[in-house]
Amino acid sequence: MIRQDLFELAARNMRNARLRNALTTMGIAVGVASLVAMLSLGIGLQGFANHQLMKSGMFQTVFVSSRQDMRNMEENADAKPEESPALNDDARKQISALPGVEEVAPEVRAMSEVDFGGKSNFTLIAGLPQSAREEDSIEKVKGRFFSSPTADEVLLQRDFAKKLDPNPDAVLGKTLTVRYAQRQSGDTSSSFSIERKEKQFVIVGLLDEEPFGGMRMISRARVFIPTQTAEAMNLMQPADTQQLVRSSPGARTYSMLTVRMKSAAYAEKVEESVKQMHFSAYSYLDATKSMRRFFAVLDMFLGIFGSLALAVASLAIVNTLIMAVLERRREIGIMKALGASDADVKKLFFAEAATMGLIGGALGVTLGWLIGRAINFGTNIYLHKMKMPAENLWTVPPLLVVGAIVFAVLVSVLAGIYPAARAAKLDPVQALRYE
Amino acid sequence: MSEQTGAVAIEARAASRFYTMGEATVRAVEDVSFHINRGEFAALLGPSGSGKSTLLNLLAGLDRLTAGSIVVAGRDLSTMDSEALARYRRLTVGMIFQSFNLVPTMTLADNIELPLRFAETARAGRRDRVMELLTNVGLSHRAGHKPTELSGGEQQRAAIARALANNPSVLLADEPTGNLDSRNGQEVMTLLRDLNQKMGVTVLMVTHDPSLAERYARKSLHMADGRLVSTVEAAQ
């Protein structure tokens with residue numbers, strides 16, 4: 001039988017038992033809607049989490065260090081530390097030239113004493129690159145960010161500001177003095193001298209959160225100054241002494257460089273290029289691999305849960321079609337007497353199952369989408385009341401739409417196997433005798 | 001036509017069909033041999049339970065032989081698989097029943113189109129063929145009607161039109177007038193005779209009415225208890 005005839009007859013048969021087929025189709029629609037709703041939620045949550053993490057700037061950052069500093073560390077056995085080049089100015093320039101790199105900032109951190117209002121506090125001071133401005137923690141800064149990359153300005157952790165003044169907000173705009181050790185070039189490449197220096201800074205902002213989420217280390221510092229200012233101060237750092245005792249001391253090296261990309265899309269390539277230069281590289285993208293695994297498992301569970309309703313619906317299809325076989329016994333006998341083959345009869349029932357699956361699938365996707373819109377709407381009303389920005393927790397990608405409909409048709413056809421086989425096996429003589 | 005009548009259309013050789021019901025074996029048709037020439041009008045007579053309908057089902061390819069062979073239009077049914085039998089039912093034989101067996105949810109036109117669909121006849125011109133068949137049986141004005149809206153005679157004429165849709169060479173009729181009053185029965189029998197005489201279709205009709213056989217059939221096969229007891233050929 002040609003396909004058009006097959007579907008015409010299937011449609012006719014379905015019209016003859018309109019209510020029963022409509023109810024079964026609605027069952028499939030509810031099943032598909034639950035599947036689409038569950039998977040959309042999974043995909044939406046993943047997108048939401050990704051969006052939030054991307055906003056944090058963490059994914060645009062790759063941390064580079066020399067493997068020379070990792071001597072005797074077994075976990076880096078894949079790279080021989082001796083082969084790793086020095087992380088010096090040449091390396092910094094090379095990394096800056098990589099495509100997608102926006103900024104390469106060294107890790108500058110040193111112990112210093114901070115004088116404020118006649119009191120002294122010993123603390124860690126660190127450079128903060130200009131790109132940190134776009135971070136969430138800086139967005140929430142009380143006061144403002146550095147006015148320029150070379151400004152003599154500081155941002156303080158709120159806890160530290162409390163030490164300076166019981167009312168921390170009052171320190172904003174005031175000046176503090178930082179006393180630090182300055183490294184100065186020696187007579188030969190294998191020597192340098194250290195000198196005590198002082199510098200005044202204006203307090204421009206207070207931080208409630210650690211920049212970079214404090215994930216890299218428990219706490220980098222309590223006083224932040226612009227990285228370029230910090231570099232110009234030539235702060236004496238712990239790595240300097242380490243370098244001095246090396247077999248080939250040479251020029252100054254960095255303990256770590258923070259590489260900032262224009263977008264997270266470059267992170268993987270840059271990380272790869274840096275590794276090819278024989279440096280160690282780490283990005284939070286590595287950490288998100290496990291997050292992506294988590295969402296894959298979550299999606300799978302949501303999918304299984306959502307499929308339960310479709311599984312129930314498939315039983316309804318089996319039931320509907322078995323009823324149809326019983327009711328149409330005589331008609332099947334007539335069709336066989338007129339020359340329909342077993343395959344024709346089988347195909348007819350498959351076509352009916354597939355039609356129910358197709359209509360149910362399309363209705364289900366629409367229903368699932370509407371449920372999603374409704375929940376998104378409800379969530380955003382709640383977020384609005386909580387004075388939070390609107391979010392999209394529900395995403396129905398086109399692939400899910402197509403996939404859900406194809407899946408519904410597939411499940412329906414599978415459900416039709418038994419009834420179709422039963423119809424095809426009917427003995428025409430017996431069937432024609434049936435009243 | 002005379003040349004055609006010389007060739008054999010249907011031939012049964014020691015055809016048998018046994019059923020097992022529990023421990024008992026029912027010999028519905030046993031060792032039946034006969035032949036019907038092409039273009040002949042034959043009748044199969046016998047009381048209820050004599051095996052007429054079983055033999056007709058065997059000839060129609062709806063049932064399978066237990067032993068022996070049946071050859072229709074040169075094709076041995078005992079060697080055919082189910083797909084080949086379906087093709088045989090589709091193209092070689094047409095079948096009409098006592099209870100018409102029209103699909104009640106379809107219009108007459110749809111019922112007649114059904115065998116054309118199974119034969120995968122091109123969709124273009126199919127409706128014309130349906131109307132031609134309906135016109136031949138005088139029912140063109142009833143094309144859009146459901147079978148329940150028609151008289152018994154009209155339904156049987158529609159069933160005949162459907163049986164002829166794919167131009168079969170053999171028409172098998174199982175008590176075609178059994179459910180009809182005498183006037184409608186007469187009409188149907190006239191139609192069958194016209195088909196036989198004008199179109200050369202071989203007709204084998206099962207009936208329990210000897211007078212009907214006498215009036216229309218050239219050859220009468222009498223069955224009793226599953227066996228063929230006599231074959232009577234009418235004088236020219």
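Into which domains is chain B divided?

Chain B is divided into domain 1, covering 2-92 + 168-233, and domain 2, covering 103-163. Taken over C-alpha atoms, the centres of these two domains of chain B are separated by 24 Å. Where they meet, ten residues of domain 1 of chain B are in contact with eleven residues of domain 2 of chain B. On the domain 1 side, helix H3 (82-91) and helix H7 (182-199) of chain B each supply at least two residues. H7(B) has the largest share of that side, four residues. By class, the domain 1 side has six nonpolar, two polar and two charged residues.

Next, the contact between chains A and B. Chain A puts in 18 residues and chain B puts in 20 residues. On the chain A side, at least two residues each come from helix H1 (3-16), helix H10 (329-337), helix H11 and helix H13 (428-433) of chain A. H10(A) gives the most to this side, with four residues. The chain A side divides into ten nonpolar, four polar and four charged residues.

H10(A) deserves a slide of its own. Seven of its nine residues are buried, so by the cut-off of 20 or more other C-beta atoms within 10 Å this helix is mostly covered. The buried ones are Glu331(A), Ile332(A), Gly333(A), Ile334(A), Met335(A), Lys336(A) and Ala337(A). What do they pack against? Within chain A, the partners of these buried residues are H11, H12 and H13. From chain B, they are H3, strand S6 (93-96) and helix H4 (108-118). After H10(A) comes Gly339(A), with a positive phi near 110 degrees.

Now the cores. In soluble globular proteins, nonpolar side chains tend to be buried together. Here the largest nonpolar core has 122 residues, and those with the most contacts inside it are Val32(A), Leu44(B), Leu59(B) and Leu172(B). Setting aside residues up to four places away in sequence, Leu59(B) touches Ile10(B), Ile70(B), Val72(B), Leu172(B) and Leu204(B). There is also a second, separate core of 28 residues, and Val223(A), Ala230(A), Met233(A) and Leu235(A) are among its members.

Beyond four places in sequence, Ala390(A) is in contact with Asn380(A), Leu383(A) and His384(A). Val245(A) is 145 residues from Ala390(A) in sequence and 56 Å from it in space, C-alpha to C-alpha.

Last, confidence. Chain A averages a pLDDT of 84, and 89% of the residues score at least 70. Among the elements of chain A, H10(A) has the highest mean pLDDT, 94, while helix H4 (residues 136-139) of chain A has the lowest, 65. Over residues 71-77 of chain A the pLDDT is below 50, and this stretch has four contacts in the model beyond near neighbours in sequence. For residues 213-218 of chain A, pLDDT stays under 50, and the model has four contacts beyond four places in sequence. Where pLDDT is low, the predicted coordinates should not be read in detail.

Key: Residues numbered from 1 in each chain as written. Chains lettered and ligands numbered in written order. Predicted model: local features only at pLDDT ≥ 70, side-chain atom pairs only at ≥ 80, totals over all residues. Contact = placed C-beta atoms within 7 Å. Core = buried A, V, L, I, M, F, W, Y, C linked by C-beta atoms within 7 Å. Buried ≥ 20, exposed ≤ 12 C-beta atoms within 10 Å, placed from the backbone. Nonpolar A, V, L, I, M, F, W, Y, C, P; charged D, E, K, R; others polar. Domains from an automatic or database assignment. pLDDT = per-residue confidence, 0-100.
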